[in-house]
Amino acid sequence: MIVGLGVFAICALGALIAAVSLLAMALPGRPRPWLVHLLHRAAWLAAASAAAVYALGLIGVLASQLAYNDGADSVPAPACRDGFSADTVRHLVRHEASYLPLRFDCVRDDGTTYTSDPNYTWVNWTTLLLGVCAALLVTGAGYVTEFRARRALR
């Protein structure tokens with residue numbers, strides 16, 4: 001759990017540094033070719049942000065997993081009980097934790113499942129979209145570099 005918080009802090013710090021370096025591109029004296037540097041710095045920002053969001057969700061899944069079977073009144077998992085009706089909790093048999101995509105599902109005796117926290121949905125989608133943005137920005141930087149090289153040969 002503490003490792004997860006450390007990973008989140010490192011990723012958040014990396015995102016902050018990437019954001020500052022991205023904003024520095026607006027200042028005079030920026031490196032040339034500035035478009036390639038801008039795309040690379042934006043890619044680093046998106047990648048670090050994706051890692052920070054994923055680490056934040058991972059902390060939630062790990063906390064739910066650690067709370068299970070940890071002392072009195074910990075079975076079924078507290079994440080599956082807190083905030084749910086008594087009828088729903090009465091039919092719980094187990095839980096399933098997933099780390100990719102992030103999920104902590106509660107399983108009833110009839111085989112149906114429900115998520116313990118709907119916030120995992122936005123965490124997963126945000127991580128995916130930021131990762132795709134980072135990949136597209138790196139690809140765009142490669143295309144800009146290739147375009148400049150082909151134009152220089154003419």
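Trainee: In what order do the elements of the protein run from the N terminus on?

Mentor: This is a predicted model. The protein has 5 helices and 3 strands. Read from the N terminus on, these elements run α-α-α-α-β-β-β-α.

Trainee: What is the radius of gyration of the protein, and what does the globule rule give for 154 residues?

Mentor: The C-alpha atoms fill a box of roughly 75 × 30 × 20 Å along the principal axes. For 154 residues the globule rule gives 15 Å, and the protein is well over that, so it is more spread out than a compact globule. The radius of gyration is 22 Å, against 15 Å from the rule.

Trainee: Is helix 2 roughly parallel or roughly antiparallel to helix 5?

Mentor: Helix 2 covers residues 34-67 and helix 5 covers residues 119-153. Their axes lie 8 Å apart, and the packing angle is about 160°. Angles over 145 degrees count as roughly antiparallel. Therefore helix 2 is, relative to helix 5, roughly antiparallel.

Trainee: Which residue classes make up the contact of helix 2 with helix 5, and how many residues has each?

Mentor: Helix 2 passes helix 5 in a left-handed crossing. Sorted by class, the residues in this contact are 21 nonpolar, 10 polar and 1 charged.

Trainee: Among contacts between residues at least 6 apart in sequence, what percentage joins residues at least 24 apart?

Mentor: A contact here means heavy atoms within 4.5 Å. Among contacts in the protein between residues at least 6 apart in sequence, the share joining residues at least 24 apart is 54%.

Methods:
Residues numbered from 1 in each chain as written. Predicted model: local features only at pLDDT ≥ 70, side-chain atom pairs only at ≥ 80, totals over all residues. Heavy atoms only, no water. Axes fitted to C-alpha atoms, helices over the stretch in contact; angles between N-to-C directions. Helix = DSSP H or I, 4+ residues; strand = E, 2+ residues; numbered from the N terminus. Parallel < 35°, antiparallel > 145°, perpendicular 65-115°, else oblique. Left-handed = near helix turned anticlockwise from the far one by under 90°. Nonpolar A, V, L, I, M, F, W, Y, C, P; charged D, E, K, R; others polar. Rg over C-alpha atoms; globule rule 2.2 N^0.38 Å.
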